Structures are given as C-alpha cells and as structure tokens.
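Dear colleague,

Please find below the structure that I am handing over to you. My findings follow directly after it.

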Amino acid sequence: ASAFLPWYTLTASVPILGISQSTNVNAWNAGFGAWFSVLLLVVAAGVVLASTVGGRLRRPTSRSLITLALAALAFITIVLRWATFPDAAGGLGRIGELGDVQLGAFNLGNAFRVTSGASIGLYLGLGAAVAALAASSLTFRAASREWHSVP
C-alpha cells in the first residue's frame, strides 16, 4: 500500500500572496530504488506465503535466508533512494542543518519558499522493510538452530 502513497513531496509557495503549490510522486514514479524495493518486499511476502500454503523448500533455512536477503536488499535500496532524492536547496536535506540554512528548504525571505523531502509512503515502506528484516532475521536464527540441532 505504501507504494501508492507519496514518497517524495515538493512544495513551492509565495506566502505574501497566499499561493502554494505542492506535488508528490509515489514509489512507481520515484525511481528505480523506490519501485524495486517495493517489488523485493512483495517477492519476500510471496516466498513466505508459498511456503505456508504448502510449498516446501529443500532446506529448512532456505525460505528464511531468501526472505532475509530480500528484506535486507529492500531496506538498503530504500535508504539509498531516500539519500538520493533531489533537494530544493541543492544539499543533503535529510542530513540536518548547516549553520543558519536548513537544508531541504529554500527560503528567499518571506517572498518565496520551496521545500522538498520524503513523505509518508517512504516512511511506511521503510517501516515495512525493517519489520520484514526483523521477522526474517528471527526466523533465520530459529531455522539455523533447528538445522544444527538435528542429529
């Protein structure tokens, strides 16, 4: 669902005149790193679903290793996409502040203002990747213990 929510938003406004225009893009339009990470999470969910419905992988750790790798790659891809979003000020807006200039926003007095940055879809996608990574990591550890304890 996060793939269809805004991942990146750009807002331009002229506060004196009360004019504001905002645009955003979802994961499917935010570049390779966005849509590819969503597909990785969908494939990981498909592997889990297939194994619970009745499909069996040859080794007990295979499914958990596959989902762990997919979730890790999705997490890394989302973080890299977030770090490479264009910035209204031309800097690294997600990193923080530099002196009196807040990166990620361009403000020409109060006459004109432009802000940009990640939106709710990216945060939800990142949360899903973290949850998938944690769950698959725990499952992999449990499967590894079972595999090594079998005589």
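**Thr-139 and its surroundings**

Leaving out residues up to four places away in sequence, Thr-139 touches Arg-63 and Ser-64, where contact means heavy atoms within 4.5 Å. Please note that this is a predicted model, in which local features need pLDDT of at least 70 and side-chain atom pairs count only at pLDDT 80 or more, while totals for chains, interfaces and linings use all residues. Residues are numbered from 1 along each chain as its sequence is written, and side-chain values use heavy atoms, with hydrogens and water left out.

Thr-139 is located in helix H3; helices (H or I, at least four residues) and strands (E, at least two) are DSSP runs, numbered from the N terminus. In sequence, Thr-139 and Arg-63 are 76 residues apart, and their C-alpha atoms are 9.1 Å apart in space. The side chain of Thr-139 also reaches the backbone oxygen of Ala-135 at 2.8 Å. Thr-139 counts as partly exposed because its relative accessibility is 30%; buried means under 20% relative accessible area, exposed over 50%, and partly exposed in between (1.4 Å probe, protein chains only).

**Overall composition**

The protein comprises three helices and six strands, and from the N terminus on these elements run β-β-α-α-β-β-β-β-α. Of its 151 residues, 31% count as buried. Among contacts between residues at least 6 apart in sequence, 63% join residues at least 24 apart.

**Thr-9 in strand E1**

Thr-9 lies in strand E1 (residues 8-14). With a relative accessibility of 18%, Thr-9 counts as buried. Its side chain makes a polar contact with the side chain of Ser-119 at 2.3 Å. A polar contact is a pair of N or O atoms within 3.5 Å; within protein, one must be able to donate a hydrogen and the other to accept it, and residues adjacent in sequence count only if both atoms are side-chain atoms. Not counting residues up to four places away in sequence, Thr-9 touches several residues, among them Ser-22, Thr-23, Asn-24 and Ser-119.

**The largest nonpolar core**

The largest nonpolar core has 18 residues, of which Trp-7, Ala-27, Ile-78, Phe-85 and Leu-122 touch the most other members. Helix H1 (32-53), helix H2 (60-83) and helix H3 (120-149) each supply at least two residues of this core, and H1 gives the most, with five residues. Such a core is a set of buried Ala, Val, Leu, Ile, Met, Phe, Trp, Tyr and Cys residues joined through side-chain atoms within 4.5 Å. Apart from its neighbours within four places in sequence, Ala-27 is in contact with Ala-3, Leu-5, Trp-7, Ala-34, Trp-35 and Val-38.

**Aromatic pairs**

Rings of Phe, Tyr and Trp (its six-membered ring) pair if their centres lie within 6.5 Å; planes under 30 degrees apart count as stacked, over 60 as edge-to-face and the rest as tilted. By this rule there are six aromatic pairs. The rings of Phe-4 and Trp-28 have centres 6.0 Å apart and planes at 50°, so this pair is tilted. It links distant parts of the chain, with Phe-4 in the segment before E1 and Trp-28 in the loop between strand E2 (19-25) and H1, 24 residues apart. The rings of Phe-32 and Phe-36 form a stacked pair, because their centres are 4.8 Å apart and their planes are at 15°. Phe-32, Trp-35 and Phe-36 form one aromatic cluster.

Yours sincerely
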